[in-house]
Amino acid sequence: MAKMSQCDKIVDYIKKYGSITQLQAYVDIGCVRLPSRIHDLKRRGYAIRREMVKVKNRDDEYVPIARYSLAED
């Protein structure tokens with residue numbers, strides 16, 4: 001069985017869970033450069049949507065992060 005690339009894992013993750021953030025990519029896939037892989041996926045023809053959302057950090061402050069999903073047709 002062939003080893004899946006990070007790009008393939010990201011697409012599978014998004015299809016399964018609906019979206020992915022940098023933290024999820026790092027923890028669940030081991031990808032430390034999610035924006036670079038998203039760029040690769042766009043070059044492959046995937047329509048990827050980026051949504052900026054605010055989450056609380058460890059200092060209880062709201063900070064913006066990117067959440068990526070597949071764009072709907």
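Which residues does threonine 21 touch, not counting residues up to four places away in sequence? They are Leu34, Ile65, Ala66 and Arg67, where contact means heavy atoms within 4.5 Å. The model is a predicted one, in which local features need pLDDT of at least 70 and side-chain atom pairs count only at pLDDT 80 or more, while totals for chains, interfaces and linings use all residues. Residues are numbered from 1 along each chain as its sequence is written, and side-chain values use heavy atoms, with hydrogens and water left out.

Threonine 21 belongs to strand β1 (strands are DSSP runs of E with at least two residues, helices are runs of H or I with at least four, and both are numbered from the N terminus). With a relative accessible area of 10%, threonine 21 is buried; buried means under 20%, exposed over 50%, and partly exposed in between, for a 1.4 Å probe and protein chains only.

The open sheet is formed by 3 strands in the order β1-β3-β2, with antiparallel pairing, two strands being paired if DSSP finds at least two bridges between them. Its edge strands, β1 (20–21) and β2 (48–56), each pair on one side only. Between β2 and β3, which run antiparallel, there are 9 bridges, and arginine 49 has serine 69 in β3 as its bridge partner. Helix α1 (residues 6–17) packs on this sheet and touches β1 and β3, its direction making about 95° with that of β3 (axes are lines fitted to C-alpha atoms, for helices over the stretch in contact, and angles between N-to-C directions run from 0 to 180 degrees).

Tyrosine 62 lies in strand β3 (residues 62–70) and is exposed, with a relative accessible area of 55%. Leaving aside neighbours within four places in sequence, tyrosine 62 contacts Lys54, Val55 and Lys56.
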